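Hi everyone, thanks for coming. Let me put the structure up on the screen, and then I'll walk you through a few places in it.

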Amino acid sequence: MTKPITTRRLTLRALRDSDAPELARLAGDWDVARMTARIPYPYSVALAREWMDSLGEDEFVRVVEFQGALIGAVGYVAGPDRSAEIGYWIGKPWWGQGFATEAASALVRHCFTRAGFKRLTCCHFDDNPASARVIRKLGFTAAGTTTAWCDARRAEFSALTYQLSRPMTAVFWRRSA
């Protein structure tokens, strides 16, 4: 079993089969699903299990727990040249409490210190200013615009892309932990 990633308030742990109902309930909220690329709407327990079973070897996903409750998920898809694209979502009952920033920051730290990536990318739909704030707090810089498919909305939408290179020193990680 892989060791969980911990922060001051959160635990990022491996998926369990028993997570499917809560993943479906939280990610299946329209306001959550419509801001992600890969979560369909409506989102059922069966679809959550299907997604969990379909994760490839290049995908790393962790559920986010607060005080023992599953509140969201973070992860990455490994790419070429020691790069990865990260993603995250937090269930609507926990919005506005800094959990997305805290969880994504822990994921970024893991990507650079444990997984050995040199560069990370991410994106958000134009109509998702909350994700833009998280990405800026993490230190990502704008890389351009694109269109991205949204399973929930069943269409392509304009999105902003970002990148972040691994810091040259570990001081950054001690300061931001």
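This is a predicted model: local features need pLDDT of at least 70, side-chain atom pairs count only at pLDDT 80 or more; totals for chains, interfaces and linings use all residues.

Residues are numbered from 1 along each chain as its sequence is written, and side-chain values use heavy atoms, with hydrogens and water left out.

Back to Asp81, then. You'll find Asp81 in the loop between β4 and β5, where β5 covers 83-90. When I say strand or helix, I mean DSSP runs numbered from the N terminus: H or I with at least four residues for helices, E with at least two for strands. Asp81 is not a glycine, yet its phi is positive, at about 55°. Gln67 also has a positive phi without being glycine, near 50°. Gln67 sits in the loop between β3 and β4 (69-78), and with a relative accessible area of 70% Gln67 is exposed.

Two prolines are worth a stop as well. Pro42, in the loop between α2 and α3 (45-54), is joined to Tyr41 by a cis peptide bond with omega at about -5°. Pro93 belongs to the loop between β5 and α4 and counts as exposed, at 52% relative accessibility. Pro93 and Ile71 are 22 residues apart along the chain, and their C-alpha atoms are separated by 8.2 Å.

Asp31 is part of helix α2, residues 30-33, and is partly exposed because its relative accessible area is 23%. Its side chain makes a polar contact of 3.5 Å with the side chain of Arg34. A polar contact is a pair of N or O atoms within 3.5 Å; within protein, one must be able to donate a hydrogen and the other to accept it, and residues adjacent in sequence count only if both atoms are side-chain atoms. Setting aside residues up to four places away in sequence, Asp31 touches Lys92 and Trp95, where a contact means heavy atoms within 4.5 Å.

Arg153 is in the loop between β7 (141-150) and β8 (155-165), and at 17% relative accessibility Arg153 counts as buried. What does its side chain pair with? A polar contact of 2.7 Å joins the side chains of Arg153 and Asp127. Beyond four places in sequence, the contacts of Arg153 are Trp30, Arg34, Met35, Phe125 and Asp127.

Then there is Arg119, in strand β6, residues 119-125. Arg119 is partly exposed, at 32% relative accessibility. The side chain of Arg119 makes a 3.5 Å polar contact with the side chain of Gln163.

In soluble globular proteins, nonpolar side chains tend to be buried together. Here the largest nonpolar core has 53 residues, and those with the most contacts inside it are Ile86, Leu120 and Phe140. α4 gives the most to this core, with 9 residues. By nonpolar core I mean a set of buried Ala, Val, Leu, Ile, Met, Phe, Trp, Tyr and Cys residues joined through side-chain atoms within 4.5 Å. Among the residues that Phe140 touches are Ile86, Leu120 and Gln163.

Last stop: the second largest pocket, with about 290 Å³ of space. Which element gives the largest share of its lining? That is α4, with 4 residues. Lining residues include Phe60, Arg62, His110 and Arg114. A pocket is an open set of points on a 1 Å grid over the protein atoms alone, where a 1.4 Å probe fits, with protein on both sides within 12 Å along at least five of seven lines; lining residues have an atom within 4 Å of a point. The volume is the space filled by probe spheres set on the points, and grid points are joined across faces, edges and corners.

That's the tour, thank you!

Definitions and conventions: Buried means under 20% relative accessible area, exposed over 50%, partly exposed in between (1.4 Å probe, protein chains only).
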